[in-house]
Amino acid sequence: MARQPKQVHIYLYRKKENHYEYAILQREDMPFCWQGICGGLEDNETEAEGARRELMEEAGVMENLPLYPLESASSLPANIFDKETQELWGKNVVVVPMIFFAMPFDGTVKLSEEHTDIKWLPYEEAYELVYFMDQKIV
């Protein structure tokens, strides 16, 4: 599959009594890094299709729940991706846009091998634990 130069990032959330909780996952390759569900678009996927595929692959979420695009956006430097991917994209791709989504979900998350832990936290606690600033802002 050809990887597009686009990245999606999805936060699951649920309502608990008088507040919301957000699912943040600990990355296996960077244990200090907590974030939502994240991944690249493949072939001709739309952003929403890629987000739903990443939700299924990384969290086992297969329900067709509402997927809300968020207004916040950021980008990643293309040079953080492997050389083969960079060559596929060509030298004109220097940044990869990150598109953010949110999805209400109150089920069980089944972690993939990409993550070692999950926490459902109120906003303030999730904000403190999320590693990257652009992901905190969202």
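The following legends describe an overall view and several close-up views of a predicted model. Local features require pLDDT of at least 70 and side-chain atom pairs pLDDT 80 or more, whereas totals for chains, interfaces and linings use all residues. Residues are numbered from 1 along each chain as its sequence is written, and side-chain values use heavy atoms, with hydrogens and water left out.

**Figure 1. Overall fold of the protein, with four helices and seven strands.** Helices (H or I, at least four residues) and strands (E, at least two) are DSSP runs numbered from the N terminus. Their order along the sequence is β-β-β-β-α-β-α-β-β-α-α. The radius of gyration, taken over C-alpha atoms, is 15 Å, close to the 14 Å given for 138 residues by the globule rule (2.2 Å times the number of residues to the power 0.38), so the protein is as compact as a globular protein of that length. Of the 138 residues, 43% count as buried (under 20% relative accessible area; exposed is over 50% and partly exposed in between, with a 1.4 Å probe and protein chains only).

**Figure 2. Salt bridge between Lys6 and Glu47.** A salt bridge is a side-chain nitrogen of Lys or Arg within 4 Å of a carboxyl oxygen of Asp or Glu; by this rule the count comes to eight. The N to O distance for Lys6 and Glu47 is 3.1 Å. This pair links distant parts of the chain, with Lys6 in strand β1 (residues 3–16) and Glu47 in helix α1 (residues 47–59), 41 residues apart. Lys6 is partly exposed at 29% relative accessible area, and Glu47 is partly exposed at 28%.

**Figure 3. Salt bridges of Arg53 with Glu42 and Glu57.** The closest N and O atoms of Glu42 and Arg53 are 3.6 Å apart. That pair connects strand β4 (residues 37–42), which holds Glu42, to helix α1, which holds Arg53, across eleven residues. Arg53 is buried, at 11% relative accessibility, whereas Glu42 is partly exposed at 21%. Between Arg53 and Glu57 the closest N and O atoms are 3.2 Å apart; both residues lie in helix α1, four residues apart, about one turn of the helix. Glu57 is partly exposed, with a relative accessible area of 37%. Salt bridges that share partners join Glu42, Glu45, Arg53, Glu54 and Glu57 into one network.

**Figure 4. Nonpolar surface patch made by Phe32, Tyr131 and Phe132.** The patch covers about 300 Å², with accessible areas from the Shrake-Rupley method with a 1.4 Å probe; for residues, only the protein chains shown count as cover. Patches consist of residues with over 30% relative accessible area and no salt bridge, joined within 9 Å for like charges and within 5 Å for nonpolar side chains (Val, Leu, Ile, Met, Phe, Trp, Tyr). Phe132 lies in the loop between α3 (123–129) and α4 (133–137) and is partly exposed, with a relative accessible area of 32%.
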